[in-house]
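Subject: Structure handover and findings

Hello,

Please find the structure below. My notes on it follow.

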Amino acid sequence: PIVFVCKPSVPGYRNFTVGSSELTAALPDLEEYTQYGVQVRGITLGGTGQASNAEVFQTQEAVPTAAPTNVTISNTSDTSATTRSVQMQWVPPSAEDLNGQASYRVFFILDDQEVAAAAA
């Protein structure tokens with residue numbers, strides 16, 4: 001059989017041949033958090049047969065490869081209020097660098113010593 005692997009959003013495909021007694025195949029070098037389609041065709045000396053139904057799957061998420069950028073802080077407290085607050089904003093990494101559906105964890109530090117420890 002011949003195994004065809006493709007990313008639906010990218011033209012073209014990769015294929016490889018497995019032995020006639022093989023009923024499984026490992027798909028190497030796949031990208032993280034990417035959708036693929038796969039089909040199998042039988043092949044003999046007489047030619048190539050029809051393709052199986054396409055099976056579509058998505059690879060697992062991976063750790064983001066870039067950090068959020070352009071982090072800004074703005075004061076949102078009313079001077080008469082007893083509670084002070086700030087508003088944070090940032091630009092997320094590109095979808096290519098995100099490698100999945102992100103949520104964000106915001107850290108804040110209470111004093112300079114903790115800043116140095118957190119940066120180490």
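How many helices and how many strands does the protein have? It has two helices and seven strands. Helices (H or I, at least four residues) and strands (E, at least two) are DSSP runs, numbered from the N terminus. From the N terminus on, the order is β-β-β-β-β-β-β-α-α.

Some ground rules. This is a predicted model, where local features need pLDDT of at least 70 and side-chain atom pairs count only at pLDDT 80 or more, while totals for chains, interfaces and linings use all residues. Residues are numbered from 1 along each chain as its sequence is written, and side-chain values use heavy atoms, with hydrogens and water left out.

**Overall**

The protein has 120 residues, and buried ones make up 13% of them. Buried means under 20% relative accessible area, exposed means over 50%, and partly exposed is in between (1.4 Å probe, protein chains only). On contacts (heavy atoms within 4.5 Å): take those between residues at least 6 apart in sequence, and 40% of them join residues at least 24 apart.

**Strand E3 and its partners**

Strand E3 covers residues 35-44 and strand E5 covers residues 55-58. E3 and E5 run antiparallel, joined by four bridges. Two strands pair if DSSP finds at least two bridges between them. E3 also pairs with strand E4 (residues 47-51), again in the antiparallel sense, over three bridges. There, Thr44 has Gly47 in E4 as its bridge partner. A hairpin of two residues takes the chain from E3 to E4.

- Tyr36: its bridge partner in E5 is Phe57. Tyr36 is buried, at 3% relative accessible area.
- Gly37: this E3 residue is buried too, with a relative accessible area of 8%. Gly37 and Glu55 are 18 residues apart in sequence, yet 5.5 Å apart in space, C-alpha to C-alpha.
- Val40: also in E3, Val40 is partly exposed at 38%. Phe16 is 24 residues from Val40 in sequence and 9.9 Å from it in space, C-alpha to C-alpha.

As background, side chains in a regular strand alternate between the two faces of the sheet.

**Aromatic pairs**

How many aromatic pairs does a search of the whole structure find? The count is two. One of them is Tyr36 with Phe57, which is stacked: 5.8 Å centre to centre, with 20 degrees between the planes. This pair links distant parts of the chain, since its members sit 21 residues apart, Tyr36 in E3 and Phe57 in E5. The cut-offs: rings of Phe, Tyr and Trp (its six-membered ring) pair if their centres lie within 6.5 Å; planes under 30 degrees apart count as stacked, over 60 as edge-to-face and the rest as tilted. Tyr36 is buried, whereas Phe57 is partly exposed at 27% relative accessibility.

**Strand E6**

E6 pairs with strand E7 (residues 86-91) in the antiparallel sense, over five bridges. Ile73 has Met88 in E7 as its bridge partner.

**Positive phi**

Asp29 has a phi near 60 degrees, a positive value in a residue other than glycine. Asp29 lies in the loop between strand E2 (14-17) and E3. Is Asp29 buried or exposed? Asp29 is exposed, with a relative accessible area of 69%.

Asn99 is not a glycine either, and its phi is positive, about 60 degrees. The loop in question lies between helix H1 (95-98) and helix H2 (112-119). Asn99 counts as buried, at 9% relative accessibility.

**Largest pocket**

Which residues line the largest pocket? The lining consists of Glu31, Glu32, Tyr33, Thr34, Ala95, Glu96, Leu98, Asn99 and Gly100. The space in this pocket is about 150 Å³. By class, the lining has three nonpolar, three polar and three charged residues.

The definitions behind that:

- On a 1 Å grid over the protein atoms alone, a pocket is an open set of points where a 1.4 Å probe fits, with protein on both sides within 12 Å along at least five of seven lines; lining residues have an atom within 4 Å of a point.
- Grid points are joined across faces, edges and corners, and a volume is the space filled by probe spheres set on the points.
- Ala, Val, Leu, Ile, Met, Phe, Trp, Tyr, Cys and Pro count as nonpolar, Asp, Glu, Lys and Arg as charged, and the others, Gly among them, as polar.

Best regards
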